[in-house]
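Please open the structure in your viewer and keep the selection tool at hand.

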Amino acid sequence: MSIKVPPILKLLFFLTTVHCVGQIDASRPVKLFILGGQSNMDGTGKSEELPADYSVHPENTVTWDNKKKTWLPLGTDSFAERRKFKFGPEIAFSHKLAKKYPNHTIAVVKTSGGGTKLWKHWLPGKPMYVRFLQNMENAIEDLKEQGISYEVSGMLWMQGESDAEFLEWANAYEENLKILYKDVRLQTGKKDLPIVMGRISIGLLRKTPWNFDFTEVVQAAQDRVAKADKNVRIINTDKLETLKDNTHFNSESNIWLGEKMGKSMLKLMK
């Protein structure tokens, strides 16, 4: 049996929603996190599979809608909507940080694109990196206009699968990653910006719809970058379960990855 909602209640709900959209508690300073990568940063977790602890998000968390240029509750931005509300590591990550910093707003700005390559799309001046910086700048400008105190507190990176397709690309990954991290720190004005990255999974060497023959070369490059930089932490994803394509993390794995990224980020922020 359907229940009819009086028009006045519909109007009140609409007005309340409009009033809340884009609003951040100005009494709280913001810890801003920038997220980048390819499809496993996009996320392939299903919102309906979120466990109870993650189905309702902390009130001190927000995500930046790159298209609408406004702040929204986690998982409700235009990008998530277009992808039928799939989620990535940002959900569990934000929950972890929100619990640690209850007197701050945890704000995430995610820029990601499936199949994008570090050498082709993410180096300074390349299309995804330009978009990445613009989204961050738009979010910061909005905070400034609202008079809200903020700090760019860290970066999450989940990428490298596509660079494992050819040996030339894989061999260039280490130096390219150093270039990326150096420029992100330059652009944010934080020479010691904490960075947490997910290492691509060895499962990519199983049968997939794509070719990732040089996965181990990219993995080794990521390990070396993390070892050489005291402000970088790396998450081993080899044991994470994936979808049938042996490439994309399932819902449980996206939660696990976000939790691990959150724990690593908190250690770096100390």
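With which residue does Glu174 form a salt bridge? In this predicted model, the partner of Glu174 is Lys178, and the closest N and O atoms of the two are 3.5 Å apart. Select both residues: they lie in helix α9, 4 residues apart, which is about one turn of the helix. Glu174 is among the buried residues of α9, whereas Lys178, at 37% relative accessibility, counts as partly exposed.

Next, select the whole of helix α9, residues 173-188. The helix has 16 residues and reaches 22 Å from its first C-alpha to its last, close to the 22 Å expected at 1.5 Å a residue. Its buried residues include Tyr173, Leu177, Leu180, Tyr181 and Val184. Then move to Gly189, which follows α9 and has a positive phi, near 75 degrees.

Now select Lys31 and Glu151, a salt bridge whose closest N and O atoms are 3.6 Å apart. Lys31 lies in strand β1 and Glu151 in strand β7, so the pair ties together parts that are 120 residues apart in sequence. Lys31 counts as buried because its relative accessibility is 10%, a value under the 20% cut-off. Glu151, at 35%, counts as partly exposed.

Continue to Asp238 and Arg199, where a salt bridge brings the closest N and O atoms to 2.8 Å apart. Asp238 is in the loop between β9 and α11, and Arg199 is in the loop between β8 and α10, 39 residues apart.

Definitions and conventions
Residues numbered from 1 in each chain as written. Predicted model: local features only at pLDDT ≥ 70, side-chain atom pairs only at ≥ 80, totals over all residues. Heavy atoms only, no water. Helix = DSSP H or I, 4+ residues; strand = E, 2+ residues; numbered from the N terminus. Expected span 1.5 Å × (residues − 1). Buried < 20%, exposed > 50% of the residue type's maximum accessible area, 1.4 Å probe, protein only. Salt bridge = Lys/Arg side-chain N within 4 Å of Asp/Glu carboxyl O.
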